Amino acid sequence: MSYFKVVGGDLPERTTLMSFLGFNVLSIPRAGCFFKSDEYDLKDKIIKCEQITEENKNKVFAKAGWATLGAIALGPFGLLAGLLMGGKTKNIVVAIKLLDGREFLAECDLATYKK
């Protein structure tokens, strides 16, 4: 089972990643509509996907104009990079830029990141 959670940026936190039959689709909730969402197929639409680490966090946040987002979105856990949750599951935080210009931070497990 994969884990994916938007923690900041241009997408709502309720955005989910749906994976089926080799396709990866973001389900992005519509503003003001609790039960309606738009689907965004990720195939060939990710410009950049970079793991956030202690070494590169300032560079990544500065490039994206998110100078304070790291502290706000990730809170007291720092970057959550390498945070062990649920036993042997290793979660990381990634900065993602889409072809349409939207950027966001997501916490996910390593298997989801590799997909």
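**Exercise 1.** Determine whether F20 is buried, partly exposed or exposed in this predicted model, and state which surface patch includes F20.

*Solution.* Step 1: the relative accessible area of F20 is 44%. Step 2: buried means under 20% and exposed means over 50%, with partly exposed in between, so F20 is partly exposed. Step 3: F20 is placed in strand β2, which covers residues 16-20. Step 4: together with L21 and F23, F20 makes a nonpolar surface patch of about 370 Å².

**Exercise 2.** Find how many aromatic pairs the whole structure holds, and describe the geometry of the rings of F4 and F104.

*Solution.* Step 1: searching the whole structure gives 1 aromatic pair. Step 2: a pair of aromatic rings is described by the distance of the centres and the angle of the planes. Step 3: for F4 and F104 the centres are 6.4 Å apart and the planes make an angle of 75 degrees. Step 4: planes over 60 degrees apart count as edge-to-face, and the pair of F4 and F104 is therefore edge-to-face. Step 5: F4 belongs to strand β1 (residues 4-9) and F104 to strand β8 (residues 103-109), so the pair ties together parts that are 100 residues apart in sequence. Step 6: F4 counts as buried at 18% relative accessibility, and F104 is buried at 1%.

**Exercise 3.** Identify the charged ends that sit over the ring of Y40, and name the salt-bridge partner of R102.

*Solution.* Step 1: the charged end of K45 sits over the ring of Y40, at 5.3 Å from the ring centre. Step 2: the charged end of R102 also sits over this ring, at 5.1 Å from its centre. Step 3: the side chain of R102 meets that of D100 in a salt bridge, with an N to O distance of 2.7 Å. Step 4: R102 is partly exposed at 24% relative accessibility, and D100 is partly exposed at 41%.

**Exercise 4.** State the number of salt bridges, and classify the exposure of R30 and D38 and of K48 and E50.

*Solution.* Step 1: the count comes to 3 salt bridges. Step 2: R30 and D38 form one of them, at 3.0 Å from N to O; R30 is partly exposed at 38%, as is D38 at 37%. Step 3: K48 and E50 form a salt bridge whose closest N and O atoms are 3.4 Å apart. Step 4: K48 is partly exposed at 37%, whereas E50 is buried at 18%.

Note on methods:
Residues numbered from 1 in each chain as written. Predicted model: local features only at pLDDT ≥ 70, side-chain atom pairs only at ≥ 80, totals over all residues. Heavy atoms only, no water. Phe/Tyr/Trp six-rings, centres within 6.5 Å; stacked < 30°, edge-to-face > 60°. Helix = DSSP H or I, 4+ residues; strand = E, 2+ residues; numbered from the N terminus. Buried < 20%, exposed > 50% of the residue type's maximum accessible area, 1.4 Å probe, protein only. Lys NZ or Arg CZ within 6 Å of the ring centre and 35° of its normal. Patch = residues over 30% accessible without salt bridge, like charges linked within 9 Å, V, L, I, M, F, W, Y side chains within 5 Å. Areas by Shrake-Rupley, 256 points an atom, 1.4 Å probe, with all protein chains shown as cover. Salt bridge = Lys/Arg side-chain N within 4 Å of Asp/Glu carboxyl O.
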